Structure formats: C-alpha cells, structure tokens
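Hello,

Here is the structure we spoke about, with the sequence alongside. My notes on what was found follow below.

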Amino acid sequence: MDPLEKLCETAASFFARGYAFGSTGNLSVVVDDRVWITPTGASLRKVVPADLACISLDGAALNANKASKEYPFHLAAYRGAGGRAKALVHLHCTYAVALSCLDTLDEANPLPVFTPYYLMRVAPLAVLPYYRPGSGELAQAVGEAAVVHDSMLLRNHGVICLGAALEEAVDRTEELEETAKLWFLTRGEKLRMLTAGEQDEIRRVFRGVR
Ligand SMILES: [Zn+2]
C-alpha cells in the first residue's frame, strides 16, 4: 500500500477506535528524507493524502499544507533516532494520559512489567517532564529521549511512539495504551508480575528487546 494512504488509514483507525478524538493526535512517516505529517487542526477521522503536509527534516515546507503544530518534536525525534525511526505516532489516548498526570508516578518505572508484550513492544518507556505543546523545550526533550527510546510518556499530555515502520509505531502505541488501561483496571489488586527470570527469557528469545 502507498505509505501516505497507509498513514491516513491508520489515522482514521485510531479515531474510529477512540485512541484519538476531536482534532488531537498527529502521525508522520519519513519517505526518501521527506516527512509526511498530518495537518494542523484536522481530525484524524478523515485525513486524506492530499491533506498531508510535507516538510524536510530541517523543517522547510515542501508543499502548501500546514503541518501539525507539534511538528517540531517529530523532526527532533527523527534527528535524535538517527535513521532508526521512520514513523512517529503521537496521541492523547485516555489511559496513558491519565497515567501521565499521576502526581505519584514512578518516573523511573512508570508501568510494571506484567505482560511479555509490554516488554517486547514498549519498554523501556521514557517519562518526559511537562512542556507546553509545540514548544522548543518539548522538541528538545523528545530529541534527546529518541536517541535511545522508542516509547515516551509526556507528562500531562500524551504518548509518542517511534518505529522503523508505521506498523511498529502503531503496535507500540496500542500496547502502551492497553498496558496503562490494564494498570488502572487492576490498581489496588495484588498483581503477579513477570519475574526477573521470565523477563530475561523474553530478552533472550526475542531479538532487540531491551
Ligand atoms: Zn499532543
């Protein structure tokens, strides 16, 4: 499938399933050193390829469409990841945002490892301080985190997931939101976590798990 069609289809799917709402959320993919990103102020529900903004990795506009206001952190993430990332998903999905607002959040260990899938797709999850959306400070923090992290929780804001392809960024985002949901659903219960040995086994068997 054409990568721009796929981006739009993914955006609509996030909206249809309640991961995105209103005009929140933005997605981008890198194709031949050009960043294609969802436009500013638009609902992900009905974005079509002709609406996508195209910018260079330096931020120069390459078509007439206006990029999402959050484009600075997309560019910073691609630069920080140094070619490892070719897609970025940013959403304000409910459970992850709820997690990001907890005053008691353990920033070094924001979610417990109770499923192999969280370990395989999301961990290690970086927690970034709150910065105003669209600000240079937020972009800088995302760029620094992207050097080693593919998954980020932005305090009082949302999530950012990177991927070598769009599917990978999407999988990460969904796993992160569902793990946050599980965490709230089981809050106060005594949980069986994956043991250190079980976590090591996942890292051994599945290449690339950190
Ligand atoms: Zn946002």
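**The loop between strand 6 and strand 7**

N156 sits in the loop that connects strand 6 and strand 7. Please keep in mind throughout that this is a predicted model. The phi angle of N156 is near 55 degrees, a positive value in a residue that is not glycine. Most residues other than glycine have a negative phi. N156 counts as partly exposed because its relative accessibility is 44%, between the limits of 20% and 50%.

H157 belongs to the loop between strand 6 (151–154) and strand 7 as well. With a relative accessibility of 7%, H157 is under the 20% limit and therefore counts as buried. The side chain of H157 makes a polar contact with the side chain of H90 at 3.1 Å, and another with the side chain of H92, at 3.1 Å. Setting aside neighbours within four places in sequence, the residues in contact with H157 are E70, H90, H92, V97, S100, P133 and L138. Y118 is 39 residues from H157 along the chain, and the C-alpha atoms of the two are separated by 21 Å.

The largest pocket has a volume of about 310 Å³. Its lining consists of 20 residues, and those nearest the centre are M120, D150, E168, R172 and G208. Helix 4 (116–121), strand 7 (158–163) and helix 6 (166–185) are the elements that each give two or more residues to this lining. By class, the lining of the largest pocket holds nine nonpolar, four polar and seven charged residues.

The second largest pocket holds about 180 Å³ of space. It is lined by 15 residues, with S23, N26, S68, K69 and E70 closest to its centre. Four residues of this lining are nonpolar, nine are polar and two are charged.

Two of the residues closest to the centre of the second pocket, S68 and E70, come up elsewhere in these notes. E70 is among the contacts of H157. S68 lies in the loop between strand 3 (53–56) and helix 2 (71–81). S68 counts as buried because its relative accessibility is 5%, under the 20% limit. Beyond residues up to four places away in sequence, S68 touches N26, I37, T38, P39 and T40.

**Cysteines**

How many disulfides does a search of the whole structure find? The search finds zero. A disulfide is a covalent bond between the sulfur atoms of two cysteines. For C54, the closest cysteine sulfur is that of C8, 13 Å away, so the two are too far apart for a bond. C93 has its closest cysteine sulfur in C161, at 7.9 Å, which is also too far for a bond. The cut-off for a disulfide is 2.5 Å between the sulfur atoms. C54 is buried, with a relative accessible area of 1%, and C93 is buried, with a relative accessible area of 0%.

**Backbone geometry elsewhere**

The peptide bond between A123 and P124 is cis, with omega about -5 degrees. Most peptide bonds are trans. P124 is placed in the loop between helix 4 and strand 5 (125–128).

D32, like N156, is a residue other than glycine with a positive phi; for D32 the value is near 50 degrees. D32 is found in the loop between strand 1 (26–31) and strand 2 (34–37). Is D32 buried or exposed? Its relative accessibility is 71%, over the 50% limit, so D32 counts as exposed.

**R203**

R203 is part of helix 7 (residues 196–205). A relative accessible area of 31% makes R203 partly exposed. Apart from neighbours within four places in sequence, R203 is in contact with L119, V209 and R210. R203 and P116 are 87 residues apart along the chain, and their C-alpha atoms are separated by 9.6 Å.

Regards

Definitions and conventions
Residues are numbered from 1 along each chain as its sequence is written. This is a predicted model: local features need pLDDT of at least 70, side-chain atom pairs count only at pLDDT 80 or more; totals for chains, interfaces and linings use all residues. Side-chain values use heavy atoms; hydrogens and water are left out. On a 1 Å grid over the protein atoms alone, a cavity is a set of points where a 1.4 Å probe fits but cannot get out, and a pocket is an open set with protein on both sides within 12 Å along at least five of seven lines; lining residues have an atom within 4 Å of a point. Grid points are joined across faces, edges and corners, and a volume is the space filled by probe spheres set on the points. Helices (H or I, at least four residues) and strands (E, at least two) are DSSP runs, numbered from the N terminus. Ala, Val, Leu, Ile, Met, Phe, Trp, Tyr, Cys and Pro count as nonpolar, Asp, Glu, Lys and Arg as charged, and the others, Gly among them, as polar. Buried means under 20% relative accessible area, exposed over 50%, partly exposed in between (1.4 Å probe, protein chains only). Contact means heavy atoms within 4.5 Å. A polar contact is a pair of N or O atoms within 3.5 Å; within protein, one must be able to donate a hydrogen and the other to accept it, and residues adjacent in sequence count only if both atoms are side-chain atoms.
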